[in-house]
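Please keep the structure in view while reading.

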Amino acid sequence: QHAAQVPVPVLNLLKKHNQIDNAPQKTVDDYYTNRNELTSLRATMNKAISEYIYTAGLTLDSVEGSALSTLLAKIRPDLLNKSETDEMAKQGHLRERVNWLKSRRWMSEDGLEELYEDTHSVVMRMMSRDQHITLSLDGWSKRKVTGVVNVCLSSKLLNHEVVIDSIPLDGRSEDAQFLVDVVKKDVQTFKSYEGNVSAVTGDNASVVVAALKQVHDDLHKIITHGCDCHRLSLLAEDLYKVFKPVIDEINSMMKKIRLH
């Protein structure tokens, strides 16, 4: 595992108004005459903190403890109310959450939704300039749980796959035509000019194979193919079934040796 880098916009927000060289700490009243400016900056800071929490893989309860509040109070004293700075001076550190920091619930609901929308917009704008996009399908279903069909995007402009669509089945049948409609919708999303999406792939389930064949018949310039990794996985499962009796016998012998 590697430590996630703090995004540049987050660093810029943290650095702004930060007090250096033991300069006197200033508060809201010292910096802001326009309340709307303060509200806007606090909202931006919460989005930046939400982005960092998810980027760094931190737990959401980070916003509920005193450690993050103490850090934010020290590096952004300009966002604190006077009552908070008085409390900080009295106790030596902040024991309660700073009043502008959003809750864990906001981080996991509205904050996550805003972060997704912002990231989604950036990816969409970037992908509109790419002529060689690959889409991959992956369905997931479980008894008594609503299934979903996920669509991922691969591009040379990105260094990893991103999920661009997740469609709940909501009682609909995951048949070939449903998957074809999903692919065509997402192809059209990126089709700023001819040839924007060059390939579509998926696993080798019969319904996916049928859907990919229809996509190729309808959209002739798009290459469709089954996932080679999935084929290798199925091959490994079949080989395991062949050698399972031998493996079970070896395991049995090893147990006997260890017991004696």
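The sections below describe these features in turn, and the model they refer to is predicted.

## The largest pocket

The largest pocket has a volume of about 700 Å³. Its lining consists of 18 residues, among which Glu 51, Thr 55, Leu 115, Thr 119 and His 160 are the closest to the centre of the pocket.

Helix α7 (110–127), together with α3 (35–56) and β3 (162–168), is one of the elements that each supply at least two residues of this lining, and the largest share, nine residues, comes from α7. By residue class, the lining of the largest pocket divides into 12 nonpolar residues, four polar residues and two charged residues.

## A nonpolar patch on the surface

On the surface, a nonpolar patch is formed by Leu 232, Leu 235, Leu 239, Tyr 240, Val 242, Phe 243 and Ile 247, which together have about 680 Å² of accessible area. One of these residues, Leu 239, is placed in helix α10, which covers residues 228–259. Leu 239 counts as partly exposed because its relative accessibility is 42%, a value that lies between the 20% and 50% cut-offs.

## A buried loop residue

Asn 196 is found in the loop between α8 (176–190) and β4 (197–202). Although placed in a loop, Asn 196 is buried, because its relative accessible area is 0% and buried means under 20%.

The C-alpha atom of Asn 196 is separated by 4.3 Å from that of Gln 131, while the two residues are 65 residues apart along the chain.

Conventions
Residues are numbered from 1 along each chain as its sequence is written. This is a predicted model: local features need pLDDT of at least 70, side-chain atom pairs count only at pLDDT 80 or more; totals for chains, interfaces and linings use all residues. Side-chain values use heavy atoms; hydrogens and water are left out. On a 1 Å grid over the protein atoms alone, a cavity is a set of points where a 1.4 Å probe fits but cannot get out, and a pocket is an open set with protein on both sides within 12 Å along at least five of seven lines; lining residues have an atom within 4 Å of a point. Grid points are joined across faces, edges and corners, and a volume is the space filled by probe spheres set on the points. Helices (H or I, at least four residues) and strands (E, at least two) are DSSP runs, numbered from the N terminus. Ala, Val, Leu, Ile, Met, Phe, Trp, Tyr, Cys and Pro count as nonpolar, Asp, Glu, Lys and Arg as charged, and the others, Gly among them, as polar. Patches are made of residues with over 30% relative accessible area and no salt bridge: like charges are joined within 9 Å, nonpolar side chains (Val, Leu, Ile, Met, Phe, Trp, Tyr) within 5 Å. Accessible areas come from the Shrake-Rupley method with a 1.4 Å probe; for residues, only the protein chains shown count as cover. A salt bridge is a side-chain nitrogen of Lys or Arg within 4 Å of a carboxyl oxygen of Asp or Glu. Buried means under 20% relative accessible area, exposed over 50%, partly exposed in between (1.4 Å probe, protein chains only).
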